[in-house]
Amino acid sequence: MPKNYAKVIVNPVAGGGKTGRKWPQLKEKLTRDGLAYDFEFTSCKGHGIELAYSAANAGYSFIIAVGGDGTVNEVANGILKSPNCKKTTFGVINTGTGSDFIRTLGSPKDPLEACNFLGRQNRFLIDVGLVEYFKDGKKDSRYFINYAGTGFDSETAETTNRMPKSRFISNTVPYVIALVLTLVRYRNRDLKLTVDGKSRQGRFLSVIVANGRFFGGGMKVAPMAELSDGKLDVITVNDIGKLELLKAFPRIYKGTHITHPKVSLATASVVEVEPVERMPVSADGELLGEGPVVFRLLPQALAVAC
């Protein structure tokens, strides 16, 4: 296989189906820009992992995800699971509504501009996180490239997953509705938190472990995070009341929430959360399972086109 031959993995239903409608134009643009590639569509949840894993094993040196943050996570996981991961460069054309990973990466939000961006074929190594959790009573794991967490944000993801999907409604609408519903019924949780071997117990709203700066469609949750600094940013929101949370919530878009007295920021390589009661776990916006959960840093683990 030619060294620069690419596999493009497209999620046609991402962005409420907009990706499938945009793909012919993107396909033409990639061809016009001189990229040698073939492509495949994902057909179900998790399919992006399988396609990326197979492509990396087959010797593709460049694998590109076309879709939202969930698609980006799946394709990255497929590459990272492959024994050829160190020989493979990951590219992103984000056609979803969140676009959180590329905000930190610095690639264009406009998909057509991203095609030009990928044509340069520059690359740099980024850190990756590994989250270990439980699903259906069995231990499981997943890589994340942007963020993972447990608590309020993960319960919001769980509520979003339960909502009916419609291609006529923007992906942000169910998320906002889920956010409000979760806020009404959510209770802060008692847990044991261990950050690089130092433990404390208390009551928390959320524990967020970030590699990138943004989540939730532009919320600057970890304003000082860097993708290749060899550390994970750990943001903990302690036992905050709902009214106080509502007042402080707008600050997250500017990243000034980290100065709130009930918000803590640290950096770490390993973070462990042992909840007293059930807490859902999510990564890159995707619901995974539940705790107890461990988050681990894998430094310089993935080559990304930039």
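The dialogue below takes the overall fold, then helix α5.

Reply: This is a predicted model: local features need pLDDT of at least 70, side-chain atom pairs count only at pLDDT 80 or more, and totals for chains, interfaces and linings use all residues. Residues are numbered from 1 along each chain as its sequence is written, and side-chain values use heavy atoms, with hydrogens and water left out.

Me: How many helices and strands does the protein chain have?

Reply: Helices (H or I, at least four residues) and strands (E, at least two) are DSSP runs, numbered from the N terminus. Here there are eight helices and 14 strands. The radius of gyration, taken over C-alpha atoms, is compared with a globule rule: 2.2 Å times the number of residues to the power 0.38. The chain gives 19 Å, close to the rule's 19 Å for 306 residues, so it is as compact as a globular protein of that length.

Me: What share of the residues is buried?

Reply: Buried means under 20% relative accessible area (1.4 Å probe, protein chains only). Buried residues make up 55% of the 306.

Me: Now α5. Which of its residues are buried?

Reply: An α-helix has 3.6 residues a turn, so residues three or four places apart point the same way. In α5 (residues 111-119), the buried ones are P111, A114, C115, F117 and L118. They cover an arc of only 160° around the axis, by directions from the helix axis to the C-beta atoms, which puts them on the same side of α5.

Me: What covers them?

Reply: The cover includes α1 (18-32), β3 (62-67), β4 (89-94) and β14 (286-305).

Me: Which atoms pair up at the start of α5?

Reply: A side-chain oxygen of D110 comes within 3.1 Å of the backbone nitrogen of L112.

Definitions and conventions:
Buried < 20%, exposed > 50% of the residue type's maximum accessible area, 1.4 Å probe, protein only. Contact = heavy atoms within 4.5 Å. Polar contact = N/O pair within 3.5 Å; in protein donor to acceptor, adjacent residues only side chain to side chain.
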